[in-house]
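Visitor: I am new to protein models. Could you walk me through this one?

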2 protein chains.
Amino acid sequence: MLAGGVGGSRFVRGALHAYPGAEVTVIVNTADDITLHGLRICPDLDTVMYTLGGGIDPERGWGRAAETWSAREELEAYGAQAGWFGLGDRDIATHLVRTEALNAGYPLSEVTRALAKRWLPPELGVRLLPMSDERVETHIAITDPSQPSGRRTVHFQEYWVGLHAEPDALAVVQTGLDAAEPAPGVLEAINDADLVLIAPSNPVVSIGPILAVAGIRTAVQRTAAPVVGFSGIIGAGPVLGMAHRLLPAIGVAVSALGVGRHYGSRRAGGVLDGFAVDTVDADTAAALSAGGLPTVATDLLMTEPAATAAFIAQTVAHVDRATVPSPDTRSSARSQP
Amino acid sequence: MLAGGVGGSRFVRGALHAYPGAEVTVIVNTADDITLHGLRICPDLDTVMYTLGGGIDPERGWGRAAETWSAREELEAYGAQAGWFGLGDRDIATHLVRTEALNAGYPLSEVTRALAKRWLPPELGVRLLPMSDERVETHIAITDPSQPSGRRTVHFQEYWVGLHAEPDALAVVQTGLDAAEPAPGVLEAINDADLVLIAPSNPVVSIGPILAVAGIRTAVQRTAAPVVGFSGIIGAGPVLGMAHRLLPAIGVAVSALGVGRHYGSRRAGGVLDGFAVDTVDADTAAALSAGGLPTVATDLLMTEPAATAAFIAQTVAHVDRATVPSPDTRSSARSQP
C-alpha cells in the first residue's frame, strides 16, 4: 500500500480487515516531515504506526491517546517558534528516540523499524517503510499580500496546520526530491506484490511525493500486481483534510473525476488498473470506466474498518476477477511458501 | 556567588533576601550536565533558574512545578535508556530550546542568558553564568563486583540519580576540565565583586568543579573582595544530597571541619576569608578559627529565605567588620555609579 497519514492509516486498518493474515508493506509518505525544536517529526509514519498499534487518539485521528501538552505550553512561554504545531508530550518521546538515532547515523527506514517494534507486533503482518531515507519536504508557495512579491513559500506543515490552508496555494514543491531514492525494500515490495493499493490519501502531498521518488512510479507501472486506487474526493470536497486547497495548484480538478484522470490507467501511462469513487460520483465511475480505467462507485466513507474493508474488497474484485486474488484466496495463501 | 543546584539555589534566594537590590552574579556548576536522548540537560543551571524564577517544584526542590511525565513514560515504553532520570515534560521544553541553540553554535553562556530572560526579570538583579562554555562532566569510579576489574565508571547523574550513590565512590574525575575556560564574565565577576559567597553546595561535584576551571580558583584567591564559605555538612552528614558519599573519594573527612580545611584560608593558600558551620559544630568553629580561618557557628538550615539571609549576614559581618560592607550599606549603595 501507498499511504499518507490520517486517511492512509484508516485505509490500511480497513485493508488488514479485508485481508486477514496478509503480509502488508505500507510505503508511507515522508514529504510531510519537519524538523521543529531540533526534533525530526514524521507525521504520516507516526499516524500509521500509532493507528495500527492502538496508540492513536481516536477523536483527533492524529497524535497519541491520553496525550498531555506541557512541553508545548512551555515552548510557547519561551517564545520558541512553531507554537501552532501539535507537539504532544507522548509524541515528543517518539521524536526524541527517532532524532537521536538519525543523528547517530541510522537511516530513517531502520529507525522506523526500531520504533515500530513497540507498536506493530509480528503477528500483525505489517511492515512500515518510509518512501525514502533521504529528506524530502513539501513546500507551498502561497499568496501573501504583506510581501513585496505578493507571495512567500512555507513548509507544508505551516500551510496545513499553522495557516489552516487558508491562503491560496500557488505552487507545490518537494525539496530534496532530486536526491531521494526509494528506501530499502520499497521497490522490491512493489515488484513482488500480489496487489498494490493506493490509499485515498491526498494526491498532491501524500501519494504524489511517493510516486515522485525516482523509480517508484516506474515500479508501480511495471509490477505484475494489479494496482487499485481510491478517491479521497467525494463530490466536490475531500473526505478528510484539505486536498481541495492543493489540487488546483497542480492543475487537477477538485473532483473524483479529476483525481481518477490524474492517476490515470496503466494502459495509458498512468498508475492504476482500477479505481473507486463514492456512490455520489456514480457518473464519474461511468465516465472513467468508459475512458479505460475500470472504476467502481461504492460507499467510500471509512467509518469503521469493516466498512473500509468492504469497499476495498468490492473494488479489487471489480478490477480484474481473472488476475486479482480475492480476499479469501489471499488470506489462506499466506501459509504457502 | 559560586553555587550548585538544589542547595545552591536556596542559598542564592536567601542571599537575595539578605542583600536586596544587590547586583548578583551566580556562577553555576555545569559538571552535572548530561546529554540524554539527544537533549543537553544542565540540572544546576535549571534548578537555580527555576527556583529564582518561581518555576521550581517546591516539594522536590528540582524540576518544574505542575510537571507531567508523559514523555518519560513513553521513553521507557520504547526501551530507551536512562529511565532513571527525572525528565519532566515541562523541563523537556527547556532542554529542547537549549539543545537547539547549542547545536546552532551558540555558547552555553548565551543560551543560559536567553533562557533566563523568561525566568529572571531585570529587577531581580541576578545574572546566571555557567562556570564554563566548554563541556565538563563529572564521572565517578564505583565498585562493581560484576566487572572483572571490580569497578566501573559512570556519569555523575547515573551515580547520583540512577544508583542513589549506593556504590562506594573510588574516584571522581571531571572530563573536559583541561580544555575548559571560564565562561565570559566569570573572572570579571569575581575580580570586581564586593563580596564572594561560596554556597553550601557539594564541595566535590558542585563547588569543586567550578574552582577547578582554569583561572577561577586563582581569581577567587586574588579578588579584593572577602570570600565567605558555608558548610554543607552539619554534624556527620550533609544538609541536602549525598556529599558524604563523595567526600571520602577526594580524601576529605565527612564533617564541617573536613570541609573547612578542604577550602582553607586564603592566607594559607586556600580560598576563604571566613566560614560558617552549624551550631552543632561549635567545636569545629573554634578549631578552624584558631587555625586561621575565622568561622561562625550559626543555624545553617535553609528553612526559608529569611533564615538563610540571617546566617549569611551574620557570617559576613563576622568575617571582617572593617572591610566587608554590611547588608544595609550594600543595598543602599546600588544606586551609586
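Guide: Gladly, and we begin with one term: buried means under 20% relative accessible area, exposed means over 50%, and partly exposed lies in between (1.4 Å probe, protein chains only). This is a predicted model, in which local features need pLDDT of at least 70, side-chain atom pairs count only at pLDDT 80 or more, and totals for chains, interfaces and linings use all residues. Residues are numbered from 1 along each chain as its sequence is written, chains are lettered from A and ligands numbered from 1 in the order in which they are written, and side-chain values use heavy atoms, with hydrogens and water left out.

Visitor: Is Glu74(A) buried or exposed?

Guide: Its relative accessibility is 4%. Because of that value, Glu74(A) counts as buried.

Visitor: With which residue does Glu74(A) form a salt bridge?

Guide: A salt bridge is a side-chain nitrogen of Lys or Arg within 4 Å of a carboxyl oxygen of Asp or Glu. For Glu74(A), the closest N and O atoms of the pair are 2.6 Å apart.

Visitor: Which residue pairs with Glu74(B) in a salt bridge?

Guide: Glu74(B) is buried, with a relative accessible area of 4%. The closest N and O atoms of this pair are 2.7 Å apart. The partner is partly exposed, with a relative accessible area of 28%, and the residue is Arg118(A).

Visitor: Which residues are linked with Arg118(A) and Glu74(B) in a network of salt bridges?

Guide: Two of these residues belong to chain A and one to chain B.

Visitor: How many salt bridges does the rule find across the interface of chain B and chain A?

Guide: Over all chains the structure holds 22 salt bridges. Across the interface of chain B and chain A, the rule finds eight.

Visitor: What is the area buried between chain B and chain A?

Guide: Buried area is the accessible area (1.4 Å probe) that two parts lose on being put together, summed over both. Contact means heavy atoms within 4.5 Å, and 26 residues of chain B are in contact with 26 residues of chain A. Carbon and sulfur atoms give 59% of the buried area. The total is about 2,200 Å².

Visitor: Is His37(B) buried or exposed?

Guide: His37(B) lies in the loop between strand S3 (34-36) and strand S4 (39-41) of chain B. Not counting residues up to four places away in sequence, His37(B) touches residues including Leu96(A) and Glu100(A). At 8% relative accessibility, His37(B) counts as buried.

Visitor: In what order do the three strands of the open sheet in chain A stand?

Guide: Helices (H or I, at least four residues) and strands (E, at least two) are DSSP runs, numbered from the N terminus, and two strands pair if DSSP finds at least two bridges between them. Five bridges join S6(A), residues 137-143, to S7(A), and six join S6(A) to S8(A). Strands S7 and S8 of chain A stand at the edges, each with a single partner strand, so one side of each is left without a neighbour in the sheet. The pairing is antiparallel and the order is S7-S6-S8.

Visitor: How many of the seven residues of S6(A) are buried?

Guide: S6(A) is largely enclosed by the rest of the structure, because the buried residues number six.
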